[in-house]
Amino acid sequence: MDGNRCFQINKNIYFLKASDYMKTITRTKYLNRIIELNQTPDMKIITGIRRSGKSKLMQAYIEYLKNHYENINIIFVDFMDLTYEEIREYHALHAYVEQHFQEEKVNYLFVDEVQTCPKFELAVNSLYSKEKYDIYITGSNAFLLSADLATLFTGRYIKIHVFPFSFQEYCQYYDEAGDKEKLFDEYSIKGGLAGSYVYRTEKDRTRLVSC
């Protein structure tokens, strides 16, 4: 096989992997639940184990808002992104949000991986008390389940707990409507953490889940 042909095959394989890695599905059950809570006077706290899809769910909801509403202002903070490292301190987080508030609009505040900002609750509670933001946050299961949320948050809140893929979602992910027994056998081995599906071996999938 000549070098050019080999390069072409390798390039195609690379793009196939990238496509698989980026594949997502709409988790209708959870998305509809958040939509039901749109503009209610509660903080919406999205919890779940690592890689269960909390951040993807938040992003899907943001896209929903952009597609269905016009007079809105979305303030988004992702503490896993170094872009926001300078506001990983509760005074700075508070100031950043206030600076991006827009009058005459419905202001939505989204904070992803909030637990990485020490004393974040002081900023969130202060912003909540102003009654001018619809607030949504995600955080690690270990932190949010160990904390006394009633003490942490002085305002009203509703928890939305995100679980790994159900068997139905697994079938949806693979666009399969065929042999359910075979699919269930695969699902019982691979589990519901979709990020592991791009790996071909059980060893690599286990490594991702356990790290």
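Among contacts in the chain between residues at least 6 apart in sequence, what percentage join residues at least 24 apart? The share is 73%, where contact means heavy atoms within 4.5 Å.

**Figure 1. Overview of the predicted chain.** The model is predicted, so local features need pLDDT of at least 70 and side-chain atom pairs count only at pLDDT 80 or more, while totals for chains, interfaces and linings use all residues. Residues are numbered from 1 along each chain as its sequence is written, and side-chain values use heavy atoms, with hydrogens and water left out. The chain contains 10 helices and 5 strands; these are DSSP runs numbered from the N terminus, helices being H or I of at least four residues and strands E of at least two. Of its 211 residues, 37% count as buried, that is, under 20% relative accessible area with a 1.4 Å probe and protein chains only.

**Figure 2. Packing of helix α4 against helix α5.** Two packed helices are described by the angle between their axes and the distance between the axes. Helix α4 (residues 90-99) and helix α5 (residues 120-129) pack at an angle of about 30°, and their axes are 7 Å apart. The two helices are therefore roughly parallel to each other, a term for angles under 35 degrees. On the α4 side, the contact is made by Tyr90, Leu93, His94, Val97 and Glu98; α5 contributes Phe120, Leu122, Ala123, Ser126 and Leu127. By class, this contact has 7 nonpolar, 2 polar and 1 charged residues; Ala, Val, Leu, Ile, Met, Phe, Trp, Tyr, Cys and Pro count as nonpolar, Asp, Glu, Lys and Arg as charged, and the others, Gly among them, as polar.

**Figure 3. Surroundings of Ser52.** Ser52 lies in the loop between β1 (43-47) and α3 (54-68). With 4% relative accessibility, Ser52 counts as buried. Its side chain reaches the backbone oxygen of Ile49 at 2.8 Å. Leaving aside neighbours within four places in sequence, Ser52 is in contact with Arg27, Val162, Phe163, Pro164 and Leu193. Ser52 and Phe163 are 111 residues apart in sequence, yet 5.8 Å apart in space from C-alpha to C-alpha.

**Figure 4. Surroundings of Asn107.** Asn107 belongs to strand β3 (residues 106-112). Asn107 has a relative accessible area of 2% and is therefore buried. The backbone oxygen of Gln102 is reached by the side chain of Asn107 at 2.8 Å. Not counting residues up to four places away in sequence, Asn107 touches Asn73, Ile75, His100, Phe101, Gln102, Lys132, Tyr133 and Asp134.

Note on methods: Axes fitted to C-alpha atoms, helices over the stretch in contact; angles between N-to-C directions. Parallel < 35°, antiparallel > 145°, perpendicular 65-115°, else oblique. Buried < 20%, exposed > 50% of the residue type's maximum accessible area, 1.4 Å probe, protein only. Polar contact = N/O pair within 3.5 Å; in protein donor to acceptor, adjacent residues only side chain to side chain.
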